[in-house]
Amino acid sequence: MTILSNILQPLLGGVFIGCASWLLLSSVGRIAGVSGIVSGLFFSESSERAWRIAFLMGLIVGGYATASWFTSPVMPPRAVSLLLVAGLLVGFGTVWGSGCTSGHGVCGLGRRSVRSLVATLTFMTTGFLTVFIVNLIN
């Protein structure tokens, strides 16, 4: 691994995510919770859809550009059934937790929300435990 992939790439990613969430909050007055932005495409007024589409397209274009410019980790292929179950569990957790990692972890903590602190500690602890258990099994 080079210094670029170990330090600079995550640093740039964090700066871009922080700037995007601040820009959305300061310009539109909305929190950059991706699950809320996506669900709002289906359940919001048409006047709200333009900024939602623009934000999501920025995520897609930014991800594509990053994958094109930097070395991405190679992941082994996963079964479609596993991906579907994982996606449903993430969706359930997002609804149950009243937000997603981007909404609570980036925006909520930045606004000093106690609810977001509890949510972030919960999903980080769950993630650490999951990795620990999976590594024990393998």
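This is a predicted model: local features need pLDDT of at least 70, side-chain atom pairs count only at pLDDT 80 or more; totals for chains, interfaces and linings use all residues.

Visitor: What makes Leu24, Ala32, Ile37, Trp51, Phe55, Leu56 and Cys107 a nonpolar core?

Guide: The term requires buried residues of the listed nonpolar types, joined through side-chain atoms within 4.5 Å. These seven residues form the largest such core in the model. Helix α3, residues 46-69, supplies the largest share of the core, three residues. Phe55 illustrates the packing: beyond four places in sequence, this residue touches Ala20, Leu24, Ala32 and Ile37. As a general matter, nonpolar side chains in soluble globular proteins tend to be buried together.

Visitor: Why is arginine 52 called buried?

Guide: Arginine 52, in helix α3, has a relative accessible area of 4%. Leaving aside neighbours within four places in sequence, arginine 52 is in contact with Arg30, Gly36, Ile37, Gly40, Leu41 and Ser44.

Visitor: Why is leucine 41 called partly exposed?

Guide: The relative accessible area of leucine 41 is 21%. The buried class ends under 20% and the exposed class begins over 50%, so leucine 41 falls in between. Leucine 41 lies in helix α2, residues 34-43. With neighbours within four places set aside, its contacts are Arg49, Arg52, Ile53 and Leu56. Leucine 12 is 29 residues from leucine 41 in sequence, and their C-alpha atoms are 28 Å apart.

Visitor: How do you know that isoleucine 133 belongs to the partly exposed class?

Guide: Isoleucine 133, in helix α6, has a relative accessible area of 46%. The exposed class needs over 50% and the buried class under 20%, so isoleucine 133 is partly exposed. Its C-alpha atom is separated by 26 Å from that of valine 106, 27 residues away along the chain.

Visitor: Why does arginine 112 count as exposed, and what is its phi?

Guide: Arginine 112 has 76% relative accessibility. The exposed class begins over 50%, so arginine 112 qualifies. This residue is placed in the loop between α5 (101-110) and α6 (114-137). Its phi is positive, about 60 degrees, although arginine 112 is not a glycine. Most residues other than glycine have a negative phi.

Visitor: Why is the packing of α5 and α6 called oblique?

Guide: The two helices pack at an angle of about 130 degrees, and their axes are 9 Å apart. Roughly perpendicular covers 65 to 115 degrees and roughly antiparallel begins over 145, so α5 is oblique to α6. The crossing of α5 and α6 is left-handed.

Visitor: Which residues of α5 and α6 meet, and how many are nonpolar, polar or charged?

Guide: Thr101, His104, Gly105, Gly108 and Leu109 of α5 meet Arg115, Ser116, Leu117, Ala119, Thr120 and Phe123 of α6. By class, this contact has four nonpolar, six polar and one charged residues.

Note on methods:
Residues are numbered from 1 along each chain as its sequence is written. Side-chain values use heavy atoms; hydrogens and water are left out. Buried means under 20% relative accessible area, exposed over 50%, partly exposed in between (1.4 Å probe, protein chains only). Helices (H or I, at least four residues) and strands (E, at least two) are DSSP runs, numbered from the N terminus. Contact means heavy atoms within 4.5 Å. Axes are lines fitted to C-alpha atoms, for helices over the stretch in contact, and angles run from 0 to 180 degrees between N-to-C directions. Angles under 35 degrees count as roughly parallel, over 145 as roughly antiparallel, 65 to 115 as roughly perpendicular and the rest as oblique. A crossing is left-handed if the near helix is turned anticlockwise from the far one by less than a right angle, and right-handed if clockwise. Ala, Val, Leu, Ile, Met, Phe, Trp, Tyr, Cys and Pro count as nonpolar, Asp, Glu, Lys and Arg as charged, and the others, Gly among them, as polar.
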